[in-house]
Amino acid sequence: MIQKQINRSAWAERWPAPAKLNLMLRITGQRSDGYHLLQTVFQFIDLCDWITFHPVDDGRVSLLKPMPGVPEEDDLTIRAAKLLKMEAGCEHGVCIEVEKNLPMGGGLGGGSSDAATTLVVLNQLWNLRLPMEKLMELGLSLGADVPVFIYGYSAWAEGVGEKLEKINIPEQWIVVIKPDCHVDTKEIFLAKNLTRDSKSITIADFIAGQNQNDCLGVVSERYQFVKDALVDLSEFSEARLTGTGACVFAQFDSEEVAASAYRSLQGKWRVYLVRGVNESPLFSKLRNGSYIS
Ligand SMILES: C[C@@](CO)(OP(=O)(O)O)[C@H](O)COP(=O)(O)OP(=O)(O)OC[C@H]1O[C@@H](n2ccc(N)nc2=O)[C@H](O)[C@@H]1O
Ligand SMILES: Nc1ncnc2c1ncn2[C@@H]1O[C@H](COP(=O)(O)OP(=O)(O)O)[C@@H](O)[C@H]1O
């Protein structure tokens with residue numbers, strides 16, 4: 001985590017909020033508050049929302065343009081900025097501009113990533129100096145997926161996704177299909193027939209090929225588009241579900257083979273050709289950018 005101060009010019013920058021994939025997901029139990037205990041592996045992909053933070057003098061936190069279907073006060077960037085202000089007890093204001101590229105409710109973690117980028121970048125721009133651990137704690141109160149985007153590196157995750165351990169995964173080419181449906185995370189976790197008692201595995205087991213997603217059965221039984229997308233994608237490589245869906249993905253060693261699969265699927269599906277990356281593009285930008293003094 002970069003703790004250095006960013007120059008004032010960074011206000012004019014566009015900051016990435018990358019998507020994640022769950023390369024496997026096991027549900028090993030349930031907490032007394034209903035939240036499920038998971039084992040999962042997060043890797044980032046180079047498909048991003050882009051966020052610009054415009055300074056304002058009146059202390060208000062607002063969106064330049066609210067997203068269709070999401071009231072401004074519910075937007076995770078607004079909630080993150082307000083939470084940060086409250087935690088730091090500061091009077092700063094900001095107008096947030098989000099260029100939304102990640103499909104919503106797709107299991108790519110777009111809302112969580114937008115929240116994480118807001119926490120990390122405003123912490124720098126407002127010179128609050130909150131440590132990464134505090135930002136991750138604030139992030140967790142916004143959503144189970146937020147901490148990994150603050151952590152900024154591919155991770156083996158346990159708990160509800162907040163106990164993170166760095167992991168290096170081959171940075172392959174990936175084809176992602178976004179089926180034309182929105183899967184509600186809560187609905188899947190409430191399903192009676194969801195597997196909730198998977199045996200815990202180790203990182204070595206995952207590397208050896210144990211990569212099941214325990215949500216797959218319930219999601220594909222309820223969402224025909226997801227089932228169909230898995231069938232079409234598996235003609236090219238092993239097809240998997242990310243998170244609770246709706247997106248499905250397949251990994252490829254070769255860009256050429258991935259691009260060929262992408263082209264074949266393009267006519268029928270909303271499809272993305274991306275690359276898996278172990279360092280979050282947000283942290284690559286913070287580390288490599290000339291705006292860090
Ligand atoms: C399943 C995962 C895997 O990465 O991804 P998505 O498919 O949503 O991206 C996440 O853990 C999702 O995280 P996130 O999308 O932030 O979920 P939250 O907003 O915290 O929770 C939405 C709802 O799902 C249920 N929930 C969520 C996470 C969890 N470990 N157990 C749960 O039971 C809770 O009912 C909660 O009210
Ligand atoms: N900035 C945001 N971007 C996306 N979704 C948001 C945002 N703020 C709030 N949300 C809400 O969070 C829900 C989950 O969005 P998202 O994170 O994209 O999906 P998922 O958790 O399946 O990856 C959306 O349906 C939307 O109602």
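Predicted model: local features only at pLDDT ≥ 70, side-chain atom pairs only at ≥ 80, totals over all residues.

Trainee: At roughly what angle do the axes of α1 and α2 cross?
Mentor: Two packed helices are described by the angle between their axes and by the distance between those axes. Here the axes of α1 and α2 come within 8 Å of each other. Their crossing is right-handed. The angle of the crossing is roughly 35°.

Trainee: How do the residues of the contact of α1 with α2 divide?
Mentor: From α1, the residues L76, T77, R79, A80, A81 and L84 take part. They meet G111, S112, D114, A115, T118, L119, L122 and N123 in α2. The residues of this contact divide into 7 nonpolar, 5 polar and 2 charged.

Trainee: For residues 76-152, which annotation does UniProt list, and how far apart are the end C-alpha atoms?
Mentor: An unreviewed UniProt entry lists "domain: GHMP kinase N-terminal" for residues 76-152. Over these residues the chain is 60% helix and 9% strand. The end C-alpha atoms are 18 Å apart.

Trainee: Which elements give two or more residues to the shell around ligand 1?
Mentor: Ligand 1 is surrounded by 19 residues, and the closest are H36, G143, A144, F189 and G243. The shell divides into 5 nonpolar, 12 polar and 2 charged residues. The elements that give two or more residues to it are β2 and α5 (185-190).

Trainee: Where does UniProt place the feature "active site", and what is the largest C-alpha distance within it?
Mentor: The unreviewed entry places this feature at K20 and D145. K20 is in strand β1 (residues 14-30). Although the positions are spread over 126 residues of sequence, they cluster in space, and the largest C-alpha distance is 9.3 Å.

Trainee: Which residue of β10 is the bridge partner of F44?
Mentor: Strand β2 (residues 36-56) is joined to strand β10 (residues 270-277) by 2 bridges, and the two strands run antiparallel. The partner of F44 in β10 is V277.

Trainee: Which residue of β10 does V176 stand opposite?
Mentor: Strand β7 (residues 173-178) pairs with β10 in the antiparallel sense, over 6 bridges. In β10, the residue opposite V176 is Y272.

Trainee: Which residue is joined to G245 by a cis peptide bond?
Mentor: Most peptide bonds are trans. The bond in question has an omega of about 10°.

Trainee: What is the phi of N127, and where does N127 lie?
Mentor: Most residues other than glycine have a negative phi. N127 is not a glycine, yet its phi is positive, at about 55°. N127 lies in the loop between α2 and α3 (132-142).

Technical notes: Residues numbered from 1 in each chain as written. Chains lettered and ligands numbered in written order. Pairing = 2+ DSSP bridges. Helix = DSSP H or I, 4+ residues; strand = E, 2+ residues; numbered from the N terminus. Axes fitted to C-alpha atoms, helices over the stretch in contact; angles between N-to-C directions. Left-handed = near helix turned anticlockwise from the far one by under 90°. Contact = placed C-beta atoms within 7 Å. Nonpolar A, V, L, I, M, F, W, Y, C, P; charged D, E, K, R; others polar. UniProt positions renumbered as here; feature names shortened; annotations may be inferred. Near = placed C-beta within 6 Å.
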